[in-house]
Amino acid sequence: MDAPCNEIVLESSTYLEEDTNGSVESDDTRIVEVKNCHKTYLHGIEGVAALRGVNLSVKRGEFVMLYGTSGGGKSTLLNLIGTIDRPTKGTIKICETLISDRTPDSELAELRLKRLGFVFQTFNLISQLTAIENVELPLTLQGELAVAERRARCRQLLKSVGMEERMYHLPSQLSGGEQQRVTIARALVNWPDILLLDEPTGDLDTKNTELVMRMLVDLNKRYGITMIMVTHDIHLRNYADRIVHLRDGKVRRMN
Ligand SMILES: Nc1ncnc2c1ncn2[C@@H]1O[C@H](COP(=O)(O)OP(=O)(O)OP(=O)(O)O)[C@@H](O)[C@H]1O
Ligand SMILES: [Mg+2]
């Protein structure tokens, strides 16, 4: 760990102190509660049991890493927590909101917008937009902030991830590590409570992996953003507070 960590300075430091109702939450609040969750995908006439009775609680401010065999259900679990998908059976509580197969789409969309940020292995930046335009896009679509306010927030976020000098570059003009830092800035643009990361360093070299991990730990420690990250890289385990192993759709081990 020789590279200095980027200084993360965010304007909105309401993390940990307030929820959207303004009430104070204690550090040990369970921000994610997965109870007896099953997910079966229909594949033709067959069902593929991706999750088979998963229980998992995550405290606010925790950094949890999910490891496990390929096909073990890691991405499926992350998608359920991210409300991208719904459980076939069981319940999930995210920031006090109970999610079941009957939760309306509008409620899930609200949760995704206000509480959750996503980072995937592939950077998923829009190639025709500059770094700052990519970060700004969720705010533009939301249409709540004035242009100057949006720009100021995005500029600050890009500065926080060490990308200020390249904010007018297109994705094709950035390295993989730089693109991933832009996607992290984009994931933070709505000040989420939870960042869900699916193999975010999968396409990065060792140096950029370390840079991104140190940034994530800094965000986690400084602002209490809860991190749930899927990875296959055993060298990253020391960055986490807790490790969860998934195999064949079940939690096999926690440490
Ligand atoms: N949309 C889908 N339709 C059918 N089966 C699916 C679908 N998505 C995932 N699966 C199956 O569910 C199981 C769990 O998949 P999942 O993507 O969660 O695994 P994973 O642990 O993330 O694996 P990897 O480490 O390879 O990314 C696998 O058997 C997979 O083939
Ligand atoms: Mg996966």
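This section describes a sheet, a pocket and an aromatic pair in a predicted model.

The sheet is open and is built from 4 strands, which follow the order 2-1-4-5 with antiparallel pairing. In general, the strands of a sheet pair through backbone hydrogen bonds, in either a parallel or an antiparallel manner.

Within this sheet, strand 1 (residues 30–43) is paired with strand 4 (residues 89–94). The pairing of strand 1 and strand 4 is antiparallel and extends over 5 bridges. Glutamate 33 has lysine 93, a residue of strand 4, as its bridge partner.

The volume of the second largest pocket is about 350 Å³. This pocket is lined by 14 residues, and those closest to its centre are Leu116, Phe118, Pro138, Arg186 and Ala187. Several elements contribute to the lining of the second largest pocket: helix 2 (105–115), strand 6 (116–120), helix 3 and helix 5 (176–187) each provide at least two residues. Sorted by class, the lining consists of 9 nonpolar, 3 polar and 2 charged residues.

Phenylalanine 118, one of the residues closest to the centre of the second largest pocket, also takes part in an aromatic pair with phenylalanine 120. The count of aromatic pairs comes to 1. The ring centres of phenylalanine 118 and phenylalanine 120 lie 6.2 Å apart, and the ring planes are at 5°. Because planes under 30 degrees apart count as stacked, the pair is assigned to the stacked class. Phenylalanine 118 has a relative accessibility of 22% and therefore counts as partly exposed. Phenylalanine 120 is likewise partly exposed, with a relative accessible area of 31%.

Helix 3, one of the elements that supply the pocket lining, spans residues 131–142 and includes threonine 140. Threonine 140 is partly exposed, as its relative accessibility is 36%. Along the chain, threonine 140 and arginine 151 are 11 residues apart, and their C-alpha atoms are separated by 10.0 Å.

Technical notes:
Residues numbered from 1 in each chain as written. Chains lettered and ligands numbered in written order. Predicted model: local features only at pLDDT ≥ 70, side-chain atom pairs only at ≥ 80, totals over all residues. Heavy atoms only, no water. Phe/Tyr/Trp six-rings, centres within 6.5 Å; stacked < 30°, edge-to-face > 60°. Buried < 20%, exposed > 50% of the residue type's maximum accessible area, 1.4 Å probe, protein only. 1 Å grid on protein atoms, 1.4 Å probe; cavity = no way out; pocket = protein on both sides within 12 Å on 5 of 7 lines; lining within 4 Å. Points joined across faces, edges and corners; volume = space filled by probe spheres on them. Nonpolar A, V, L, I, M, F, W, Y, C, P; charged D, E, K, R; others polar. Pairing = 2+ DSSP bridges.
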